[in-house]
Number of protein chains: 6
Amino acid sequence: MLEGPPLPPHVIDDVVLTALEEDAAHNDVTSAAIIEPGQWGRGTFVAKGDGVIAGLPVAAAAMTALDDEISFDTLVAEGQKVTDGTPIAEVEGRLAPILSCERVALNFLQRLSGIATLTREFVDAVQDTNAVILDTRKTTPGLRALERYAVRAGGGRNHRFALADGILIKDNHIEAAKQNGTPHLGDLVREVRRSAPHTLRIEIECTDVEQVAQALEGGADVILLDNMDVEGIRAALRVIDGRAQVEASGGVTLDNVEAIARTGVEFISVGRLTHSAPALDISLEVVPL
Amino acid sequence: MLEGPPLPPHVIDDVVLTALEEDAAHNDVTSAAIIEPGQWGRGTFVAKGDGVIAGLPVAAAAMTALDDEISFDTLVAEGQKVTDGTPIAEVEGRLAPILSCERVALNFLQRLSGIATLTREFVDAVQDTNAVILDTRKTTPGLRALERYAVRAGGGRNHRFALADGILIKDNHIEAAKQNGTPHLGDLVREVRRSAPHTLRIEIECTDVEQVAQALEGGADVILLDNMDVEGIRAALRVIDGRAQVEASGGVTLDNVEAIARTGVEFISVGRLTHSAPALDISLEVVPL
Amino acid sequence: MLEGPPLPPHVIDDVVLTALEEDAAHNDVTSAAIIEPGQWGRGTFVAKGDGVIAGLPVAAAAMTALDDEISFDTLVAEGQKVTDGTPIAEVEGRLAPILSCERVALNFLQRLSGIATLTREFVDAVQDTNAVILDTRKTTPGLRALERYAVRAGGGRNHRFALADGILIKDNHIEAAKQNGTPHLGDLVREVRRSAPHTLRIEIECTDVEQVAQALEGGADVILLDNMDVEGIRAALRVIDGRAQVEASGGVTLDNVEAIARTGVEFISVGRLTHSAPALDISLEVVPL
Amino acid sequence: MLEGPPLPPHVIDDVVLTALEEDAAHNDVTSAAIIEPGQWGRGTFVAKGDGVIAGLPVAAAAMTALDDEISFDTLVAEGQKVTDGTPIAEVEGRLAPILSCERVALNFLQRLSGIATLTREFVDAVQDTNAVILDTRKTTPGLRALERYAVRAGGGRNHRFALADGILIKDNHIEAAKQNGTPHLGDLVREVRRSAPHTLRIEIECTDVEQVAQALEGGADVILLDNMDVEGIRAALRVIDGRAQVEASGGVTLDNVEAIARTGVEFISVGRLTHSAPALDISLEVVPL
Amino acid sequence: MLEGPPLPPHVIDDVVLTALEEDAAHNDVTSAAIIEPGQWGRGTFVAKGDGVIAGLPVAAAAMTALDDEISFDTLVAEGQKVTDGTPIAEVEGRLAPILSCERVALNFLQRLSGIATLTREFVDAVQDTNAVILDTRKTTPGLRALERYAVRAGGGRNHRFALADGILIKDNHIEAAKQNGTPHLGDLVREVRRSAPHTLRIEIECTDVEQVAQALEGGADVILLDNMDVEGIRAALRVIDGRAQVEASGGVTLDNVEAIARTGVEFISVGRLTHSAPALDISLEVVPL
Amino acid sequence: MLEGPPLPPHVIDDVVLTALEEDAAHNDVTSAAIIEPGQWGRGTFVAKGDGVIAGLPVAAAAMTALDDEISFDTLVAEGQKVTDGTPIAEVEGRLAPILSCERVALNFLQRLSGIATLTREFVDAVQDTNAVILDTRKTTPGLRALERYAVRAGGGRNHRFALADGILIKDNHIEAAKQNGTPHLGDLVREVRRSAPHTLRIEIECTDVEQVAQALEGGADVILLDNMDVEGIRAALRVIDGRAQVEASGGVTLDNVEAIARTGVEFISVGRLTHSAPALDISLEVVPL
């Protein structure tokens, strides 16, 4: 269900140990005061709302970091839709470390599932079109690899990971080029083509049809239509006429995404997938044994 | 306006460098292909919506990390309310590193301002009451110090930072104690008092009036009323009658927070301040010089 | 025998690898020049004095870090009393890495056992009283988690771990408050109660009975009697009369600790447990096989 | 007064930031509740006992890490003897970060000064002889560079830093060589000479005169006389007769060090300099401004 | 002279501190035994052969890391050609840290200048053609950013930085696709186009004209001609006829690079620029002051 | 075949994970677009030239870091000579991670084998003499431990690892001493002997017979003859006459090394072993299963 490579073990371990340190999981004074060292427990992660699950390998690493005798078994797959009450995973072992790591595991699982859930809503909204839902670089600092993984788990695709792996000429670049004596976007695209890495296509942000025409003349590979309404996108697509791929971006919501998709754009990138997705509510229900 | 200590320099530097690495800011192929090495620019961070600003010291560190000759001047204070169009800060220097660091600076600023904004809405909603709005441990892994700072910038207060700095007996602990032969919450509170660090008060989660009565009998310092409706909270407060402080938690929204506050609880903790706050839209508008 | 959670694996691994790097254990030129790669050996860690053992899991990690085929078996439990000559643990495997890691393992084991031993002496000295022996924040930079663990192995209890998990108003704070217009300790305690985290009790350092009376009037949870003699402590306890818990601190030695404990104070905190405990002498006796 | 290079800035910064993180200095809830953000203060580090000061550059880094507007001025030099009441350094700036960093600065200063003080006592005890006091590898894990620096501040000299920078054939190596068919220490020294780095001298531990004679026959550069009494050392020195340098080690105390030195050994190594030195008592006395 | 962004300060600092630690620059026992703490010196970095200089900012960071009062002044620019005897940079300050950091500074400077020098030789060899000399991912682990920077200083250009920023279908991928039922390279290119990031062009490795024809049919953006001789490259170019960009790779030497370039390929990638460039000999000549 | 200790696991893991991060191995967009998640493959590392293999444990760690179900089996030993076409190791498992880690594994293996190969050529050239081939500190920053290991795999021996583990008085030190009033090398050697660590021998660089005579007079342990021709070395050896060990250094090549060795020097140190060894060509040939 999930496309693209899994999260590598050392990436998971790094963020998990950082988070456990941050939460002082090894110094859980409440559990230390109550739980007997030898007490055993079993817990079930349960969805408390409808959504799409992502982050189980991260939760597994979090639950077993303090005690490798704890078992963690998944009951659903990454990217699977669940409804309120669905059991997601089971954990069993010494009770104290289970309780000490619970919050960290949930923080990852809720955030990543929140992103997967919102992504899935966008993907479902455009399912009868050819549009692909993309993420952006508007991710949580330090968690980009995880959040992009969650987007894929929700059925989305990834835009460039970082500034190194994509040419995207934006308004500020266009202004700078104008200042440098290159006001025509076609000239700018050609200039970039000369010096940019030969492995990268050239995408350029346009805000009106005139810019689109110039960019096409220069041979842009992808036109990003920024903050255009559906009418504007249609007009731009008529000009482009298949000579470049088209990405729409800016102000995309669940209300307007289907209309945008029906214009025929190939890609719709949505910042809120990662910068504003609400967490999916998930809880850990524990039974002492 | 902001209570509590500022973010320490090394904490800011750590997260900023991690984020710049993650975004390959030093390998910004687009700016490298367009911007002349000697080209200068000035940029203004501008709010694109109403909200509360938090994170300017982090943005400052991000904008100057690649080139310490770049100047960064704040135009508003941390915790200040702004409206759509308000200029927030100005940056000036070599244009290429300004553009290369823009996204990282914005990612921090938008997230932290989003948290401060949502916090302020909750704080404003209870302003005619004595209730204090608290955050929770439901924060983004790796960013807890920053997110708690943003909560304070929004006028909220911080709950315990980590498992080491607060006793909070939750349902899973109560179940474990029952299994161990301590079914009465008063006994449990006394037992915890004996072995917990003497610097910590004892807070215990109760879901009904019977539990509240037991906890009080054992001398609990704070009663956390979990997921109770306003009627239930009122009933509990009558039983408590000033013998413990009271925190309400669970399912708190902007719709019900004022009603909860009017019951007279001292504290209302709100997970969504950190786990589900939408980003505040902010942009950087650059003028090449 | 040991109360509180065990040391988490990643905390042990971090300090152990740092120490092995520091000692260039992987570049042990002496062993490389003498020991055959295939030569096998068995070693016994033996106490060379009377004391209490702490740190075996750290020693185990150190002895097996370079070669995971080395076995490490403990012969005593953490926190167990041993006498001169008692075998503590056995190690067996390739001889070269055993010799290369010996010093690091011993450095941890001797220091932590030294702390546990001194703690046990204090605990034993007050065994017929109700006083609890506490550590302080006067620990070795970087090793606080391990040293507090050793205190618990010696039968002591832990004071606050860090500045975040306890309110302790000390003389310098009292001076600052006086300067700010709050000379009365009762007012100060009330002021702190208003703004400090609600999960924390308020402890305040007093040096005379007048300060004690003021602090009590403000509702202090714990009174720290700083550097008082037994007579002074008795006088303070009469004033306190059960209205707050009491911690005695400052200048506590094995000579005076019992007398202090007999006054009836709940807690006695002893800086020297961690800042001045002499190492317990332990050696590794190896037999080449 | 101090021989050898100063501590490099990045080494100091590393340990200081680790220690401040460990102590949650940026989250000092007590100071946050009491000290006004704009309140200023001046503090004096004062010796509370007689001793030798070491670690001022580390204390300086600790006191200024959270706020680089804090000034730190030393009043004595590294390695200087002080008496009870001597002011050591002055700090001035915002009061809150001064109080938040106080404990970490003191923890370093007290430990390193404790080591320098004990070292100086040993050095003074042998001042009328030619013996040099050396440290050992029995240091606190993670702090070896600092502790060796403190030994030099106390007038001692450093033994090898790590296993890579000295050949020291100890009893366990001798046993292994015997097992491998090289029972004679002279043969062993020659064998080691053939394969060990040519930049290193060969030191070998001997416990009786017979071993000494064998080692000399093989051309050992340094003979370590382990745990011998003064009589035994004298006998060994007669055998050695200037053909090798001599280090005495094992069970060296302030009571016997002068007698050992008077035998004429060049070096006396003392593990307790670093593994058992009690901290020097130092306090920070603050005046709010 | 150098195209592309400078090396960011934190990247330089990271590698420099790692290298100084590795060399124990703060524990330089030779300089400590000879150089007076107050002794001053001036040094000149001098080329001992003809070449192109790269890495001066790294050398500057290395020379000033232990003592920020040391001055470092460059006498040539990055990417400048020098001849045997050319002074490159001057350093002045305390003599001990200058000598302690010398080797690390030289190790960086010699390696990076070696890469720049070899790159310049390849660039000069093709100067009358349109071919661009590219590096590869065959770099020293941990130093890729620096080595690619050195390639640019030598007049070369950079291929993709990492696996994330370029699609390059190689022989092993082609074999795997064949196994999966996609034997035709045109089908493979189309398949990759569907799922690969839309910001990336598609480059594919071909070893004969038939593969080239298939790849073109699928719309490949760049054809990598692997290990073909000049005759083969000419034949392939006739087939390609401007429909794709062309990179030649494999077995490129200073002997054959001009002939390859004269075929008209746009790019020639040369692994030996980074995996086999000999160091440029540079020395530091010091005058004590 | 390899002398000295193996590379410790944590050292290997550190450099391997750094390299995989650097290459974005977990974000291999090409393999992700082509290889089925369940597709399996087998690969053989094959030498593409004659040489000596070193670095197989590092390659093994690289190949299994993303997927621990991948098997890695060596077909030759570390330090073994191979010829063009020799299979070196086999890997089997999921195909995608095999291809994603290939480049990193090869980068280590080619570099380390290149060093071992060049070392072996020097060692073979002096095989009929008593001279030992040594490396220098002219290593790649960050990889010294690995590169010295490769030298040993090639039959060479290691000079001092770092500035802490060898006294080597070089021309710049001699100049400084002259400036300080110690122009005679014999006086300088005696002075260094007094203050240097007693575990270290004293090596001094001499450029003529007069310096050699002075150094011998002071008791130097090792004379480094710097950049002398064979005639000069012979003259120096006659003066030395067995009273010190002798190392020749500077300008040593495969052309002159045998002649230098035949003079009778004990050690010949060769910077180019590590700073200029060309990589050994090795490829991974994969068969999808």
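The domain assignment divides chain A into domain 1 (9-115 + 277-288) and domain 2 (125-275), with bounds taken from an automatic or database domain assignment. The structure is a predicted model, in which local features need pLDDT of at least 70, side-chain atom pairs count only at pLDDT 80 or more, and totals for chains, interfaces and linings use all residues. Residues are numbered from 1 along each chain as its sequence is written, chains are lettered from A and ligands numbered from 1 in the order in which they are written, and side-chain values use heavy atoms, with hydrogens and water left out.

The centres of domain 1 and domain 2 of chain A, taken over C-alpha atoms, lie 37 Å apart. Between the two domains, 15 residues of domain 1 of chain A are in contact with 14 residues of domain 2 of chain A, contact meaning heavy atoms within 4.5 Å. About 1000 Å² is buried between these domains of chain A, and carbon and sulfur atoms give 71% of that area. Buried area is the accessible area (1.4 Å probe) that two parts lose on being put together, summed over both. The count of residue pairs in polar contact between domain 1 and domain 2 of chain A is two (both at pLDDT 80 or more). A polar contact is a pair of N or O atoms within 3.5 Å; within protein, one must be able to donate a hydrogen and the other to accept it, and residues adjacent in sequence count only if both atoms are side-chain atoms. On the side of domain 1 of chain A that touches domain 2 of chain A, the elements giving two or more residues are helix H1 (9-22), helix H3 (56-64) and helix H4 (95-125) of chain A. Helices (H or I, at least four residues) and strands (E, at least two) are DSSP runs, numbered from the N terminus. H4(A) supplies the largest share of this side, four residues. By class, the side of domain 1 of chain A that touches domain 2 of chain A holds 11 nonpolar, two polar and two charged residues. Here Ala, Val, Leu, Ile, Met, Phe, Trp, Tyr, Cys and Pro count as nonpolar, Asp, Glu, Lys and Arg as charged, and the others, Gly among them, as polar.

Contacts between chains were examined next. Chain C and chain D are in contact through 67 residues from chain C and 65 residues from chain D, and about 5200 Å² is buried between them, 56% of it on carbon and sulfur atoms. Four salt bridges are found across the interface of chain C and chain D, a salt bridge being a side-chain nitrogen of Lys or Arg within 4 Å of a carboxyl oxygen of Asp or Glu. The side chains of C:Asp23 and D:Arg137 form a salt bridge, with an N to O distance of 2.6 Å. Residue pairs in polar contact between chain C and chain D number 34 (both at pLDDT 80 or more). Helix H4 (residues 95-125) of chain C gives the most to the side of chain C that touches chain D, eight residues. That side of chain C has 34 nonpolar, 19 polar and 14 charged residues.

The contact between chain C and chain B takes 20 residues from chain C and 20 residues from chain B. About 1600 Å² is buried between chain C and chain B, with 53% on carbon and sulfur atoms. In chain C, the residues that lose the most area to chain B are C:His198, C:Thr199 and C:Arg201, together 44% of what that side buries.

Over all chains, the whole structure has 82 salt bridges. In chain B, the side chains of B:Lys48 and B:Glu285 meet in a salt bridge at 3.3 Å, N to O. B:Lys48 lies in the loop between strand S1 (40-47) and strand S2 (51-52) of chain B and B:Glu285 in strand S12 (residues 282-288) of chain B, so the pair ties together parts 237 residues apart in sequence. B:Lys48 is partly exposed at 36% relative accessibility, and B:Glu285 is partly exposed at 38%. Buried means under 20% relative accessible area, exposed over 50%, and partly exposed in between (1.4 Å probe, protein chains only).
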